[in-house]
Amino acid sequence: MIYTDQLKREIELPHPPQRIISLVPSITELLVDLGLMNQLVGRTKFCVHPPEVSTVPKIGGTKQVHFDRITALKPDLIIANKEENDRSQVERLVEQYPVWISDVPNFPAALEMILQLGYLLKVQEKSQHVVAQSQLKMAACLPQSSKRTAYLIWR
């Protein structure tokens, strides 16, 4: 099946991924939240939350991955981020593996990323729940009034 990442690149996955490497700490957390801990076979040294990911092998950092470690893990999907990961390293990975790249400049893009990964990883219901909960939490943070305020420090 063909999927489109957030950079509008198409990647082909012949079957739902069973061996995922995450190069992004926040996405590692998301994968666990989506119930995909058993499919997570590799992570960066910065992917430390939730604590149970400590059992997942490290493949280096977000800017410096160890290609030999990635090869040994035989991933069928690598998830990267446009800003967080080194472009040349991601381009090298793209030559050998399906790499889905996120680009999250704002809150709506973050929600879209969660939904897209839910679809790609066949956990749509869980991803929709995460999005709904995130929207509720964000709504609770928004100002309830349109009144403007001026805060004067001196006279």
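Here is a short walk through this structure, from its sheet to its cores and rings.

The model is predicted, so to speak of local features a pLDDT of at least 70 is needed, side-chain atom pairs count only at pLDDT 80 or more, and totals for chains, interfaces and linings use all residues. Residues are numbered from 1 along each chain as its sequence is written, and side-chain values use heavy atoms, leaving out hydrogens and water.

Let us begin with the sheet. Four strands make up an open sheet with parallel pairing, in the order β4-β3-β5-β6. Helices (H or I, at least four residues) and strands (E, at least two) are DSSP runs, numbered from the N terminus, and two strands pair if DSSP finds at least two bridges between them. At the edges are β4 (40-43) and β6 (99-102), each pairing on one side only. From one strand to the next, the twist averages 20 degrees. Strands β3 (residues 20-22) and β5 (residues 77-81) run parallel and are joined by three bridges; I20 has L77 as its bridge partner in β5.

Now for the helices. Helix α1 (residues 25-33) packs on the sheet and touches β3, β4, β5 and β6, its direction making about 140 degrees with that of β3. Helix α4 (residues 107-120) lies across β5 and β6, at about 165 degrees to β6. Here axes are lines fitted to C-alpha atoms, for helices over the stretch in contact, and angles run from 0 to 180 degrees between N-to-C directions; contact means heavy atoms within 4.5 Å.

What holds the most contacts inside the largest nonpolar core? This core has 26 residues, and L31, L77, I79, W100, L117, L120 and L121 have the most contacts inside it. A nonpolar core is a set of buried Ala, Val, Leu, Ile, Met, Phe, Trp, Tyr and Cys residues joined through side-chain atoms within 4.5 Å. Buried means under 20% relative accessible area, exposed over 50%, and partly exposed in between (1.4 Å probe, protein chains only). Helix α4 gives the most to this core, with five residues.

Finally, the rings. Y3 and Y119 form an aromatic pair that is edge-to-face, 5.7 Å centre to centre with 65 degrees between the planes. Rings of Phe, Tyr and Trp (its six-membered ring) pair if their centres lie within 6.5 Å; planes under 30 degrees apart count as stacked, over 60 as edge-to-face and the rest as tilted. Y3 is buried at 6% relative accessible area, whereas Y119 is partly exposed at 39%.
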